[in-house]
Amino acid sequence: MANDAMLKFVALEQAYPAKRPAELRAEDFQEIANRYAVPDAEAQAGRCSQCGVPYCSVHCPLHNHIPDWLRLTAEGRLQEAYQLSNATSTMPEICGRICPQDRLCEGNCVIEFSGHGAVTIGSVEKFITDKAWEEGWVEPVRAGPDKGQSVGIIGAGPAGLSAAEYLREMGYAVHVYDRHDRAGGLLTYGIPGFKLEKDVVMRRVARLEEGGIVFHTSFEVGRDASLDELRSRHDAVLVATGVYKARAIKAPGVGARGVVEALDYLTASNRKSFGDAVPAFDDGSLNAAGKHVVVIGGGDTAMDCVRTAVRQGAASVKCLYRRDRANMPGSQREVANAEEEGVEFVWLSAPEAFGGSDTVSGVRASRMRLGAPDASGRRSPEVDPGAAMNMPADLVIKALGFEAEDLPRMFGAETLGVTRWGTLRTDGRTMMTSLDGVFAAGDIVRGASLVVWAIRDGRDVAAHMHAWMRARAASAVRAA
């Protein structure tokens with residue numbers, strides 16, 4: 001049966017789920033494409049060549065068993081396909097929507113290299129998990145035998161939520177602390193609904209709450225309790241805060257009203273989608289309606305900003321990026337989506353100054369050219385003398401990436417050690433921070449790279465956390 005279902009990549013063309021017309025999808029924040037119908041999902045899964053060495057799995061941060069659940073999908077064994085996908089991921093339908101497949105699994109698909117177009121792995125993953133929710137195949141979180149110990153998790157983003165689920169299934173009491181009023185972190189407030197509709201996130205959070213995980217929202221460590229107080233409440237603490245400090249631009253006029261941070265802008269938009277009162281949106285400060293918008297940056301956050309501005313009714317939207325299209329870090333699919341929706345990309349450009357006195361009125365940008373490669377192998381941008389340009393702007397959004405916040409100061413824990421990059425310093429043997437019983441997800445569990453390694457029973461929570469974090473470190477090294 002498998003032989004009949006698979007290896008269809010020569011005869012069957014790659015086909016993603018159809019996108020809604022650009023002019024229609026630019027009017028709302030719904031996801032831009034529906035999921036596959038069952039026959040289409042089975043057919044596209046059947047294009048997999050079932051490689052002996054599956055590069056898709058190798059380049060997946062979770063090392064998902066991709067060829068196996070593609071085969072099960074192609075054979076119509078959808079519940080088994082879901083169960084296998086779910087075995088290595090706590091939220092596969094979210095990964096299927098937002099993971100950069102074109103840089104990871106699909107970008108390393110063998111049939112992509114052969115010119116036949118990659119298997120549409122992300123779309124199939126989304127399909128089988130949405131189908132599982134519809135059919136009732138998604139099981140509740142089942143707490144293991146009570147170990148009589150508790151873990152506090154700081155941060156309710158994807159890393160914190162995943163850790164909470166696994167620890168609860170091991171039998172620990174789990175408390176999650178987050179400064180926002182809803183759990184989900186960037187899944188809730190950073191990523192727009194046209195990429196990830198919010199009910200998809202909220203049903204995952206509800207499942208965790210029903211499994212006995214306690215969420216403390218609108219809770220700031222350092223304000224509502226110090227890190228030491230959390231340590232006294234719990235047997236171990238996991239810091240899973242991610243990085244939220246926006247990288248700065250040094251240019252005249254950068255402090256003018258109307259020059260805003262990307263995350264502030266996206267959070268305001270997402271809050272409005274929940275029906276929240278957002279004064280900074282209502283007074284126009286974080287609302288692109290009727291404005292000439294310039295977004296600075298070339299990553300996925302910049303793509304989220306330009307596409308959000310289109311949906312808010314901006315008069316024009318430009319994206320400035322200092323390298324060319326081939327060297328940008330963001331998803332090429334997102335660039336294509338943005339262009340379809342009317343965004344103008346100004347490649348090889350960087351802000352030189354922001355016009356206006358108190359309120360921004362325009363951006364003066366330098367033309368750039370690509371010089372010699374830097375340490376990463378990418379060609380370094382350098383100013384092209386005498387080629388500056390001016391463009392009007394009522395709203396400038398800075399989307400240059402993020403850095404670590406000063407957690408020792410924020411948490412009231414000055415002895416919490418950090419690296420020269422500001423991330424939490426951990427012991428290479430125990431994966432614990434400088435404070436006993438405090439562990440850092442930071443660079444090891446990031447974004448959708450979720451905890452997938454089993455931890456053997458019979459040890460106390462600190463030993464479990466040691467083994468868990470060491471396993472994640474080893475996985476990160478292999479993935480690199």
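Modeller: This is a predicted model, in which local features need pLDDT of at least 70, side-chain atom pairs count only at pLDDT 80 or more, and totals for chains, interfaces and linings use all residues. Residues are numbered from 1 along each chain as its sequence is written, and side-chain values use heavy atoms, with hydrogens and water left out.

Colleague: In what order do the strands of the open sheet with β16 run?

Modeller: Strands are DSSP runs (E, at least two residues), numbered from the N terminus. Two of them pair if DSSP finds at least two bridges between them. Here 5 strands pair in parallel. The order is β3-β2-β1-β4-β16.

Colleague: Which residue of β3 is the bridge partner of V176?

Modeller: Strand β2 covers residues 173-177 and pairs with β3 in the parallel sense. The pair has 3 bridges. In β3, the partner of V176 is F215.

Colleague: What is the average twist from one strand to the next in the sheet β6-β14-β7-β8-β9?

Modeller: This open sheet has 5 strands with parallel pairing. β6 (259-261) and β9 (344-346) stand at its edges, each with a single partner strand. Angles are taken between axes, which are lines fitted to C-alpha atoms (for helices over the stretch in contact), and run from 0 to 180 degrees between N-to-C directions. The average twist is 25°.

Colleague: At what angle to β6 does α14 run?

Modeller: Helices are DSSP runs too (H or I, at least four residues). Helix α14 (residues 262-274) lies across β6 and β14 (395-398). Its angle to β6 is about 75°.

Colleague: Which residue of β9 is the bridge partner of L320?

Modeller: β8 spans residues 316-320 and runs parallel to β9. The two are joined by 3 bridges. The partner of L320 is V346.

Colleague: Which element gives the largest share of the lining of the second largest pocket?

Modeller: A pocket is an open set of points on a 1 Å grid over the protein atoms alone where a 1.4 Å probe fits, with protein on both sides within 12 Å along at least five of seven lines; lining residues have an atom within 4 Å of a point. Of the 15 lining residues here, the closest to the centre are Y82, N86, E139, E169 and R207. The largest share is 4 residues, from α6.

Note on methods: Contact = heavy atoms within 4.5 Å.
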